[in-house]
Amino acid sequence: MLLAGGQGSRLYVLTGDMAKPAVPFGGTFRIIDFPLSNCTNSGIDTVGVLTQYRPLELNSYIGNGQPWELDRLDGGVHILPPYQSATGASWFKGTANAIYQNIGFVDLYDPEYVVILSGDHIYKMDYSEMLRRHKETDAACTISVMEVPWSEASRFGIMSVDDAGMVTEFAEKPKEPKSNLASMGIYVFTWAKLKAYLTADEQNPVSDNDFGKNIIPNMLKGGERLAAYEFEGYWKDVGTLDSLWDANMDMLSPGSGLNLLDKKWPIYARTPSCPPAFVGKFADVGNSVVTKGCRVSGEVKNSVLSYNVTVGRGAHVAYSVLMPGAVVEDGASVEYAIIGEGAVVGKGARVGGVPEKAENPDEWGVAVLGPHTVVADGETVAPKAMLDKTHQAHQEARA
Amino acid sequence: MKGMHGIIFSYEKRSGLRELIEHRVHGSVPFAGNYRMVDFMLSNMVNAGVTDVGVIMHGKCQSMLDHLGSGKSWDLSRNHGGLTLLPAFAYAERRETAGQFRGKVEALACMLEYLREIRQDYVVLSDSDLIINIPLGDVLQAHIDSGADLTAVCTAAPGESHDTYFTLAPDGRITDTVYDVYAPQGYRFLNLFIVSKELLVEMVSDCAAHNQYSFRYNILQERGRTMKFYGYVWDGYAARIDTLQNYYDRSMELLDPAAREALFDPSRPILAKENDDASSYVDPSGRCVNSLIADGCDIQGNVENCILFRGVRVEKGADVRNCILFKGTVVHSDAVVHHVITDKYVTIQPGCTLIGSGNYPLAIARGSVV
């Protein structure tokens with residue numbers, strides 16, 4: 001069960017018209033390709049995708065699930081929006097409530113175990129290994145955890161474990177963390193147990209109906225066996241503009257652990273058919289990814305170019321993420337920026353800037369153009385500025 | 001039923017494609033970075049609303065069978081109609097001789113049962129090695145408007161002497177058809193034509209009954225004297241690939257933006273089969289200019305005036321110029337490779353030097369280690 005209903009409000013203009021999991025990532029992909037492909041590669045053939053916020057783009061993207069080989073006669077991928085029933089209708093109140101409302105769907109397939117996933121993480125993970133640990137430990141719930149630096153531990157849900165790796169304590173964003181094992185928000189449950197706890201949680205009117213805040217602590221209190229499954233490898237929550245930019249940049253650094261050219265654990269995507277990328281006579285491309293349909297005539301350094309991106313002559317792109325169909329016209333400059341789908345940077349315009357040149361480092365940040373935003377010729381978009389297609393500058397403070 | 005049915009000829013034939021067709025028929029020769037040649041005609045048909053396509057194959061068709069699969073990449077995996085594979089062995093008992101088809105009409109005669117079952121009023125027939133992006137709906141409209149018995153697509157661009165040439169009257173009617181001429185003149189036939197289903201079945205049955213097998217002799221020349229055959233002149237991009245040299249030349253032509261834009265008109269997309277590679281990566285030590293790069297490539301060396309298919313790796317210090325490298329080619333460090341076409345999964349060892357020439361490109365067969 002893949003939780004894909006979140007608005008992703010900290011991606012601001014990028015999620016104005018679409019849910020966070022539908023946001024493009026890394027040239028060819030969208031964020032949701034990672035958990036979906038992990039499912040396929042782990043041998044999971046039935047996936048429910050819980051949607052709520054602006055699901056149109058996500059629904060049409062997932063379609064019949066064919067790119068992920070989830071178009072099955074029995075099972076396959078199912079989009080699960082909130083629905084109306086005889087007793088009324090309600091939105092998904094929390095992550096746990098979203099699953100509660102779809103108990104009927106899960107029961108349809110009568111599984112022994114259920115994997116709960118988030119739609120906003122970039123990682124490659126074999127869920128069957130996690131399930132193996134779940135069975136071995138005879139746990140009611142297995143939580144995927146990874147070591148984080150102690151200094152950052154207070155930002156996560158932190159697990160304390162015993163010698164056998166069984167969870168003894170769980171603290172959501174503790175001020176004084178007792179461990180540095182952070183929950184990745186990926187759970188394997190024994191379905192019968194989860195169903196019981198979801199149902200009980202639903203009876204509690206003050207509950208947030210959330211896995212991290214309610215279900216996991218309740219299971220611990222109830223004396224259930226909770227196992228930790230330690231994950232080693234690349235994992236990143238791309239819930240903020242900065243982390244989304246970081247994760248894209250990780251594709252360009254061999255030491256990051258994010259290698260998408262590795263065919264052993266492929267990530268699948270639905271992309272249009274386009275001719276190969278064309279890199280022109282006067283182009284200068286270095287430490288960057290380019291994708292089919294791109295036309296590059298200018299300079300591109302340390303950047304991620306999605307499909308059908310155009311970079312004009314004399315244009316300069318550095319440390320930036322250009323989403324599908326973005327256009328950087330002749331002589332324009334784009335530095336430390338995320339350019340949304342189909343956005344246009346006019347001739348000679350400037351978007352973003354390098355941190356070294358910023359007068360006040362606190363006011364520097366990655367500049368962001370929402371999908372289909374047009375920056376007129378010669379216009380300037382300051383570092384850390386955000387623009388959407390209506391050209392209303394977004395002034396909200398960015399974390 | 002209104003509309004068009006598609007038939008693609010993809011059987012073995014004499015050709016100068018040398019190493020590139022050691023393991024495959026023409027139509028499944030890779031082209032332009034992430035396509036096979038047959039993708040162009042399949043896409044033309046699908047873009048014109050064709051829902052049923054038959055592919056006549058014979059000989060080394062394993063790679064073509066693999067490529068076409070159920071046809072879902074071209075939206076031709078249908079409950080009714082869709083893609084039909086027509087391998088010759090299913091009809092072998094109808095034929096007197098083994099081996100290659102003697103001509104197009106013989107190939108069609110072997111599929112006569114299939115032709116009779118066609119649901120559409122018109123049939124568009126084409127070779128699988130024609131690289132073109134043509135609105136076939138317009139050709140059909142011209143065919144209907146002119147009241148022609150058969151409409152053949154042709155071009156004013158010159159070709160080889162063994163090609164077929166038409167003389168056209170001012171209204172477009174074909175007044176003469178010639179081939180194997182000393183000096184080509186007139187309009188060159190692109191081996192793409194439209195005819196009504198009814199007439200197609202009639203002509204093919206009649207030819208079969210008289211042991212006639214050649215499309216250009218028995219139909220275009222002989223029947224063209226009495227029937228109304230029209231030419232449809234196409235002035236856009238069209239390439240028929242039948243020698244290694246013209247494979248190389250017509251591929252390299254695509255480095256020119258104008259040729260590319262004509263062929264890859266976004267309103268009529270050319271649909272490829274594989275779409276799930278990650279983006280290509282150009283390393284800080286890599287350099288890449290004037291080249292077409294498909295997805296999944298890893299470029300650490302110098303790449304100039306090249307076409308790289310999917311998943312090609314060019315290691316540090318390697319110098320690759322004026323080359324066409326098929327899927328999975330690996331050029332190891334410090335190798336020098338100029339004017340070379342490598343088939344799939346070729347490995348060029350470290351420090352190796354391979355230099356062809358613009359008018360005689362080297363071709364390296366599939367899977368070779370050099």
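Tutor: Start with the lining of the largest pocket: its residues divide into 17 nonpolar, 17 polar and 15 charged. (Ala, Val, Leu, Ile, Met, Phe, Trp, Tyr, Cys and Pro count as nonpolar, Asp, Glu, Lys and Arg as charged, and the others, including Gly, as polar.) This is a predicted model, so to speak of confidence: ipTM is 0.91 and pTM is 0.93. The lining has 49 residues. Nearest the centre of the pocket lie Arg10(A), Ser118(A), Asp120(A), His121(A) and Asp237(A). (On a 1 Å grid over the protein atoms alone, a pocket is an open set of points where a 1.4 Å probe fits, with protein on both sides within 12 Å along at least five of seven lines; lining residues have an atom within 4 Å of a point.)

Now the elements of chain A. Those giving two or more residues to the lining include strands 8 (113–118), 10 (141–147), 12 (167–172), 13 (181–190) and 15 (235–237). (Helices, H or I of at least four residues, and strands, E of at least two, are DSSP runs numbered from the N terminus.) Strand 13 of chain A gives the largest share, four residues.

How much space is there? The volume of the largest pocket is about 1,600 Å³, taken as the space filled by probe spheres set on the grid points, which are joined across faces, edges and corners.

Residues are numbered from 1 along each chain as written, and chains are lettered from A. Totals for linings use all residues of this predicted model.

Key:
Predicted model: local features only at pLDDT ≥ 70, side-chain atom pairs only at ≥ 80, totals over all residues. Heavy atoms only, no water.
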